[in-house]
Amino acid sequence: MDQPNRGHSTAVDVSPTRRKFYIGFINGAMGLIGVALAIPAAIYLLFPPKPRKGQDWVKTADLSKIPAGTPTEISFERTRVDGWKVTNVKATAWVVKGPYNEVVAFTPQCTHLGCAYHWDTPSRTFICPCHNSVFSIDGKVLSGPAPRPLDRYMTKIEGGRLDIGPPEPHA
Amino acid sequence: MRPIRTVIDWLEHRTGIETAVKNFLYEDIPASAGWHQIIGSMAVFFFVIQVVTGALLAFNYAPTPGEAYNSVKYIMTELTGGPLIRGLHHWGASMMLIIVVLHMIQVFIYGAYKKPREATWMVGVTLLLITLAFGLTGYLLPWDNRAYWGTVVTTQIASQAPIAGPYMLRLLGSDGSVGNVTFSRFYALHTVLLPPLTIILIGIHIYLVRKHGVAAAPDDTAPKRKFFPEQVFKDTVGVAIAFVVLFIMAVVAKVPLERLADPTDTAYIPRPEWYFLFLFQTLKFFKGPLETVGSVVLPGVAVLTLFLIPFIDRGPMIRIGKRTFAITLVLLAAIAWTGLTTAAVVTTPKNQESAEDTETPANETPEATAPAPAPEAATAAPSASPESKPPDAVSAVAPAQLAAWQRLTPQELAGAGLFKRQGCMGCHPGPGQKGIGPDLTKLPAEHRNVAWLVPHFKNPSQMVPGSVMPPVDLPDANLNELALLVLTLTPRNEQALLSAPDFATQGAMVYQKNHCDACHQIKAVGSTLGPALDGVGLRHNRAWLEKHFADPAGVTQGSIMPPYKFNPEDLDAICKYLLQLPKGA
């Protein structure tokens, strides 16, 4: 802004020190207003909503009806907090029961890109059809692009009944 | 600095942007320009604030009735910073209007609308009207009682316009009530149509200001000055002060969110936003056939006059000190506005209901439970107050004289309480009235069962695709009660059931909440472990009940009932309810 007066030569300009003060104030004030708007906006958009009491644990299946050693797909209803709505959604889990009634419930999505995988009885592995990720019965990655073992739901057993909770946080 | 300079030079060479910005900033302005001319820039600033905060709100807003309310509540209660953003938008709207009006007053007093600036003035008046339209349409969007009723009145006023009235109403998507269509149109106006229109008009307005130059005082012969940085500095001071005020307002003053819009609320007194109160008050002076004069003709003439001011006052610019007539006019208008607004505030009674911003649904107001028997109950027990009921008060009542609610089981009655408390009437207003939701007495047969209704309450759109009904966020037991109530509704009993007295519905809710039916029976519902409670008022009085709740075994030898310690309100409700129970058939 070396020659601001070009074309309007009649006008007078303010003294350099005043000019500096004015410009400093304009930039400072506008900058502060920008920050005062940007920070609340970022908080508003990026902070997660306050957690709502959802029903975390769902009573699902009678444990005695799940065969030991063979993964079984069970479906159940869970409440999902979806923004301002609480909805009931169908959810499924692959449940593996061991010989001593210990139970693991895998979430039904492949850890690669979220496709639904299935249990392949002949090879006794979980196979994801999208990109051929293969998981062992305990969820470990055997081959394919999956970055981590299958995710699990929290589980607890009460009176011979399997209760499924929210998914466990994965590493 | 070098690289930045290089980029700017590149941009300047390709687009000429630096020259454009310089031409804008180094515009000559008269030496007499100054603090009084900062208001226009402030108005533009407030428009920008409204655009930014409006877009942020839209990110978490569901633009359909019902859902709208839930999403605003979500913004207010669950999102960090949500109340602040809504506060900035809400108070920013009011402040923007104040600023726009002040800008207009300034231009008016100085006579800056005179030749050749008539078009600038008229575009400005249009922008004022658009600002008002923003306020009017935005008022409906939270879809609470305030929004609903305010808009009902607005659309009714529009319908009074001579000749155009019915068409206006059609255009606003209203057939006398406010529903989905009106809502969508207001939303579209507020967010789709008006903002770009405002941007275009602000552009034209500023272009015209630049074309004719800032109006100088008539005796100003001093050398001109530059817009930047001195005038921009003054503008910035104004903007910064206004922003600080707005921010404090947004933090300190809570933006109201009343309960969900309820078209059946007969007690609600609608009122418009504060800046429309003067119109609201003006209307009161015009009765009967003259009403149109106050609602349409006068405002119409006022707006037209405003537009035509540059053609009415055509003389040359004179010094502001000599514009006594203009100043008097502004003062008179200000006095009239203040008087009308004050009168409106003073004469309109406050609504009983206070803003409901919390998670818990508003309980019935204390005075609602205090008057003892409601009309129906009073006819059932003419001489009796529940406290000292003679033993034969209820037995004398023939079944035909029972109030509608007395025929309900506690579950159904608790359902009626929930129905009221959850604001279901907002969309299902009852017999003969058109609501957003279907008439509950005419549900298709396949929906008339608890197994369909309860999942529907939980997730309406899953059972009825496209349903605008918000999910009912209640425990299963309560949803069950609600479903049972819906199943008892018939066109004949609906009105009576939905207006069951508060003590009855609340008493039944206390009864249900405490699982009294695990031991007792009412209307043949519940267990027979304890005595049936039908007609308990024949056997005992209020004092006995209260004592019995506190210490059952002490009052009745061998009672296995555990003591119950209710809070005073619950105790009052359940006692009144039980004492009014009719004797079983």
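1. Confidence by element, chain B. This is a predicted model. Among the elements of chain B, helix α3 (residues 39-58) of chain B has the highest mean pLDDT, 97. Helix α14 (residues 366-369) of chain B has the lowest, at 34. Start with α3 of chain B if you want the best-scored element of that chain.

2. Confidence across chain B. The chain as a whole has a mean pLDDT of 84. A pLDDT of 70 or more is reached by 90% of its residues. One stretch needs a flag: over residues 353-399 of chain B, pLDDT stays under 50. The model still gives that stretch 74 contacts beyond four places in sequence. Where pLDDT is low, the predicted coordinates should not be read in detail.

3. Confidence in chain A. Chain A averages a pLDDT of 86. Of its residues, 91% score at least 70. Among its elements, α1 of chain A has the highest mean pLDDT, 96. Strand β1 (residues 58-62) of chain A has the lowest, 83.

4. The complex. The predictor assigns an ipTM of 0.75 to the complex. The pTM is 0.68. Keep both values in view when reading the next point.

5. The contact between the chains. Chain A contributes 32 residues and chain B contributes 36 residues. On the side of chain A that touches chain B, α1 (16-46) and β3 (85-97) of chain A each supply at least two residues. The largest share of that side comes from α1(A), with 15 residues. By type, the residues of the side of chain A that touches chain B are 23 nonpolar, 5 polar and 4 charged.

6. A sheet in chain A. An open sheet of 4 strands runs in the order β5-β6-β7-β8 in chain A. Its pairing is antiparallel. The edges are β5 (118-120) and β8 (141-143) of chain A, and each of them pairs on one side only. At one end, strand β7 (residues 134-135) of chain A meets β8(A) in the antiparallel sense over 2 bridges. To find this pairing in the model, look for A:F135: its bridge partner in β8(A) is A:V141.

7. Make-up of chain B. There are 25 helices and 4 strands in chain B. The chain has 585 residues, and 37% of them count as buried. Take the contacts in chain B between residues at least 6 apart in sequence: 77% of these join residues at least 24 apart.

8. A helix pair in chain B. Helix α16 (residues 410-421) of chain B packs against helix α19 (residues 476-488) of chain B. Their axes are 7 Å apart, at an angle of about 100 degrees. That value falls within 65 to 115 degrees, so α16(B) and α19(B) are roughly perpendicular to each other. From α16(B), the contact includes B:L418 and B:F419. From α19(B), it includes B:L482, B:L484 and B:L485. In the contact of α16(B) with α19(B), 7 residues are nonpolar, 4 polar and 2 charged.

9. Cis peptide bonds in chain B. Which residues does a cis bond with omega of about 5 degrees join? They are B:K115 and B:P116. B:P116 sits in the loop between α5 (82-110) and α6 (118-140) of chain B. Another cis peptide bond runs from B:F228 to B:P229, with omega near 0 degrees. B:P229 is placed in helix α10 (residues 227-252) of chain B. Check both bonds in the model.

10. Positive phi in chain B. B:W143 is not a glycine, yet its phi is positive, near 55 degrees. This residue belongs to the loop between α6 and α7 (145-159) of chain B. Is B:W143 buried or exposed? It has 26 C-beta neighbours inside 10 Å, so B:W143 counts as buried. B:H515 also has a positive phi without being a glycine, at about 55 degrees. Its place is the loop between α21 (502-513) and β3 (521-522) of chain B. B:H515 counts as exposed because it has 12 C-beta neighbours inside 10 Å.

Definitions and conventions:
Residues are numbered from 1 along each chain as its sequence is written. Chains are lettered from A and ligands numbered from 1 in the order in which they are written. This is a predicted model: local features need pLDDT of at least 70, side-chain atom pairs count only at pLDDT 80 or more; totals for chains, interfaces and linings use all residues. pLDDT is the predictor's confidence in each residue, from 0 to 100. Two residues are in contact if their C-beta atoms, placed from the backbone, lie within 7 Å. Ala, Val, Leu, Ile, Met, Phe, Trp, Tyr, Cys and Pro count as nonpolar, Asp, Glu, Lys and Arg as charged, and the others, Gly among them, as polar. Two strands pair if DSSP finds at least two bridges between them. A residue is buried if 20 or more other C-beta atoms lie within 10 Å of its own, exposed if 12 or fewer, and partly exposed in between; C-beta atoms are placed from the backbone. Axes are lines fitted to C-alpha atoms, for helices over the stretch in contact, and angles run from 0 to 180 degrees between N-to-C directions. Angles under 35 degrees count as roughly parallel, over 145 as roughly antiparallel, 65 to 115 as roughly perpendicular and the rest as oblique.
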